[in-house]
Amino acid sequence: MGQIPWPFAEMIVILYICQSTRMHLVIVESPTKAKTIRKFLGKEYEVVASMGHVRDLPSNSDEVPAKYKKTEFGQLGVDVENNFEPLYIVSSKKAKTVSELKKLLKDADDIYLATDEDREGESISWHLLEILKPKVPVYRMVFHEITKSAIEEALSHPRSIDEKLVRAQETRRILDRLVGYTVSPVLWKKIAYGLSAGRVQSAALKAIVDRERQRMAFKKAGYWDVLAGLTKDTSSFEAKLIATEGKRIANGKDFDEDTGALKAKTDAILLDEAKAKKIAEEVPKSEWKVKDVTEKKVSRRAPPPFTTSTLQQEGNRKLGLSSRETMRTAQSLYEHGYITYMRTDSVNLSAEAVKAIQGVVTSRFGAEYNGSARHDKAQAGAQEAHEAIRPSLNFTAPHETGLSGAERDLYELIWMRALASQMKDAEQLQVSVRFDVGAHEFQSNGMRILFPGFLRAYVEGADDVDQALEDKEKPLPELAIGDQPKCLSADAQSHETKPPARFTEASLVQFMEKEGIGRPSTYASVISTLLDRGYVVKQGGGLAPSFTAFAVTQVLERHLSDLVDVRFTSKMEKSLDDIAAGKQEWLPYLKDFYLGDNGLKHRLASELEQIDPEKAKTVVLPGLEGMTVRVGKFGPYVETTLPNSGAPVKASLPENVLPGEATRDRINEVLKDAQKGPTSLGNDEETGLPIFLRSGSYGPYLQIGEDTDDKKNKPKRASVPKTVPLETLDLAKARSILALPRKLGVHPESGKEIKAGLGRFGPYIVHDGDFRSIKAPDDVLEIQLPRALEMLAQPKGVRGGGAGKEIGKHPEDGKPVTLHSGKYGTYVKHGKINATIPKDQKPEDITLEQAITLITERASKPKAKRSKR
């Protein structure tokens, strides 16, 4: 072959250089996702992160352009009179990101928008397109797992932005804004400032409140039964009394929840304590004979692979993770390439995934465990993604991933569930044996595993697999009709019917999915909002509603009932699905919802004046006749009149008293304490003034001297630590608490003081602005310097002026007031307002009331103008 003439050679070189310098801009949401994808692409691909949404509706008045500030458009962020045009703003936090993206765009030959494949991801891509206004080709790149093959496939088959998905997401955003920004102010005016309502949030809150109402109305009932211990051929087992004298023994299902009595149509008899104990005494001496043996083979099918909802439920039940923690952990696993996309309500698996699973099952457990390819049916309306949550196609075993902590645990759940979903059914033998014992009948139930099937995946990693499977069994000895086992013991056991369980995060997610409230991707944020705003608190894993939750729900039930009606909320979700599918137009829907004859705007105008603030603040609870519970500016309180004098008495309800615990006896205790007034423990050594033990909204506290109107010389106060029982609180201990903070010594490296004190959220030590909580068994009154140095040497997540230490919630908006240590000293912060703490005031002694005073004074001062140079 001859030499290429120089003009053609030069052209080839130029073409090669041009081709090699082409730049493809790939935009994703997060740096982690960008880093993972970058590994699979060549140098000609620039993979960058948009850091989530680049623009949104304004979050506060500061973000609203001046020309719109005093208009309804500016206040809502939506122009309802102009086809619901949204006011989208690039916030100051995102301005730098947008600027960097525009800079990169100048050198790009094309753009690949690689945001998540759900509606929100589609919306982010659309917003990027609207802001960047590229003049180069734009491609929408979608994938549900971050692996080399998936990324290459997505690059090879890009598509355009799906306008229907975008419109459905934007309609959802506008709906949420209209509800939140029009209904919440009603709650501020009628109940308390800072409360909020939400299209999904309020319906979920009503469900929690309704469950608490059921619990409060529930009437307990007691019943007895007998449990016997038997033996045969060296095997021990148990049998339970089910009938006596031919009549069935009542159990919990036979009682009426409203009355606590046996249901009218039940054929069961109630066994009392005396009768139960008599039977328990008789049966060990009686002859036991097998009356009947029933065996039944059953097949148990594996659950389908995870969806967003079921992952959150199992993360909570099995691992104790909150919905937010589960989703955060799953997001990390996805972005690092370990699992498929985690926001989905599909239970489908791709053919490639099924084939990969079958290969893993065969290699790990044997071909006999492989079932035929299984395709589970998704819940109606499933639309987010095209595949269930599963490990990436290599299906790396949990112990081989190098993961640890919550990531390892959650990955293992996903791995086991995906494998199990394609394995054969478990075959079990259920055995039921009934015994005649004189006039009584007992029953034993057992279960043996004939073939473990998918259960084999759930014991993977156990030291002894066979033993782990046996632990799942409940074996009975071989028993035939006429056999006579020996009764070793019998115990009479008392039981009490239980009210409906409170919602847990898992059961609330299950309820929301079943009723069609919200989407899988919103469940975690809804629950977080309810917790963060104090509408619910966690008690032993259950979600207990607060007095504020009751007040808000009552107002909405009376005046805007459809907003808390699960059927109405579910219907709204169906409409959004129809908009995404192109079956319904978005604009007529919004107009009807907000501007129609029975639209939200019209109803708010007509209902607002009908809402009586005093009635709105009053919480209706059963069993508190003659007492009134209200939600006030500083929390819930109760008021009544004294029976003899008729004099009014009022008392704040402590934080640990919630509606579910607000019995008449408990409220009377609170009122009794309020009538007692302060208890004097003795005198303060320094001032000679009495030291009083008082009770407030946040529990018991100590105070030196009487209350005074002098705002500059308020009496010193200190909360009684929860570790100090009130019955052990004497004068010496009270003086020690009031003497806090106390000096422990100086830090050997800095030479600065280390102190131990008591703050709004409990005991702490502090050194040079570095606060550390004192946890049991350490005691703020006993802790010494060596232990304090150990605590300070331990790593801490947040220091300095970052998130700060929360002092409490601002009474006007419920947002946190925090304490910070900055370059120019310590300060308190609320929203965007920073207020310096005076030098003569100790930061560790600052109270919520003092912080609010400083913030209010700072807010009233004009901002200092910077001098021009």
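Buried means under 20% relative accessible area, exposed over 50% and partly exposed in between, computed with a 1.4 Å probe on protein chains only. The structure is a predicted model, in which local features need pLDDT of at least 70 and side-chain atom pairs count only at pLDDT 80 or more, while totals for chains, interfaces and linings use all residues. Residues are numbered from 1 along each chain as its sequence is written, and side-chain values use heavy atoms, with hydrogens and water left out.

View A. Asp 110 counts as buried because its relative accessibility is 5%. Its side chain makes a polar contact (a pair of N or O atoms within 3.5 Å, one able to donate a hydrogen and the other to accept it) with the side chain of His 24, at 2.7 Å. Leaving aside residues up to four places away in sequence, Asp 110 touches Arg 22, Met 23, His 24, Leu 25, Val 136, Pro 137 and Tyr 139, where contact means heavy atoms within 4.5 Å.

**View B. Packing of helix α19 (residues 586-595) with helix α20 (residues 600-608).** The axes of α19 and α20 are 4 Å apart and form an angle of about 5 degrees, so the two helices are roughly parallel to each other, a term for angles under 35 degrees. Phe 593, Tyr 594 and Leu 595 of α19 meet Leu 600, Lys 601 and His 602 of α20.

**View C. The largest nonpolar core, with 97 residues.** Such a core joins buried Ala, Val, Leu, Ile, Met, Phe, Trp, Tyr and Cys residues through side-chain atoms within 4.5 Å. Among the members touching the most others are Val 183 and Leu 600, and helix α7 (residues 163-190) gives the most to this core, with ten residues.

Definitions and conventions:
Axes are lines fitted to C-alpha atoms, for helices over the stretch in contact, and angles run from 0 to 180 degrees between N-to-C directions. Angles under 35 degrees count as roughly parallel, over 145 as roughly antiparallel, 65 to 115 as roughly perpendicular and the rest as oblique.
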